[in-house]
Amino acid sequence: TGAGEDVFVIYDPSLGFTTGGGWFYWPDTARAANGYPGDKTNFGFTMKYNKKATNIKGSLLLIRHMADDSIYRVKSNALYGLALGEDPNKPMGWASFSGKCTYKEWDWADPIGNHEFLAYVEDLNEPGTGIDRFWIEVIDGLTLGRPAEKNAIEIRGGNLVVPHRAK
């Protein structure tokens, strides 16, 4: 048995790129009893189309730091698709991108390659006027749950940039 998904990406490469970074606490990892705020998760990415608008260039790195100093790590090594858009009803740009990565769980000695990932980001206007959001799913690994739009996490620090019109 197995599972599979097909993805068809329609994009407008004239929108350009998306980039950003920051941190958040991984959901449901806080422990109020001892004051642990949760697993701090740092991330950074940059994604753009090449000059011919045919291939995606960029990278993604995410590291989830656990209370015992062990980590989960996601590091992209191949990219498939990049979609950029905006919400006509509010000042928000969004992007989604996917590819393959090396992935390491807290109890693995070494990372393992060939894991697929999906990421979704929201740029909610300029810094200080909206809180940007981030979402990731590593197939057979870390996930923030589906659908991405509903389960994206507000970042605590940093900034995400997705081209869009300010309202």
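The following dialogue goes through some terms used for this predicted model.

Student: Why is Phe45 called buried?
Tutor: Its relative accessible area is 4%. Buried means under 20%, so Phe45 counts as buried.

Student: What makes Phe97 count as buried?
Tutor: Phe97 has 2% relative accessibility. The cut-off is under 20%, so Phe97 falls in the buried class.

Student: Why is the pair of Phe43 and Phe45 called stacked?
Tutor: The ring centres are 6.4 Å apart, and the planes are at 10°.

Student: Why is the pair of Phe45 and Phe97 called tilted?
Tutor: Their centres lie 5.3 Å apart, with the planes at 35°. Stacked needs under 30 degrees and edge-to-face over 60, so this pair is tilted. Phe45 is in strand S2 and Phe97 in strand S5, so the pair ties together parts 52 residues apart in sequence.

Student: How do you know that the charged end of Lys40 sits over the ring of Trp23?
Tutor: The distance from the charged end of Lys40 to the ring centre of Trp23 is 4.4 Å. The distance limit is within 6 Å, and an angle limit of within 35 degrees of the ring normal also applies.

Key:
Residues are numbered from 1 along each chain as its sequence is written. This is a predicted model: local features need pLDDT of at least 70, side-chain atom pairs count only at pLDDT 80 or more; totals for chains, interfaces and linings use all residues. Side-chain values use heavy atoms; hydrogens and water are left out. Rings of Phe, Tyr and Trp (its six-membered ring) pair if their centres lie within 6.5 Å; planes under 30 degrees apart count as stacked, over 60 as edge-to-face and the rest as tilted. Helices (H or I, at least four residues) and strands (E, at least two) are DSSP runs, numbered from the N terminus. Buried means under 20% relative accessible area, exposed over 50%, partly exposed in between (1.4 Å probe, protein chains only).
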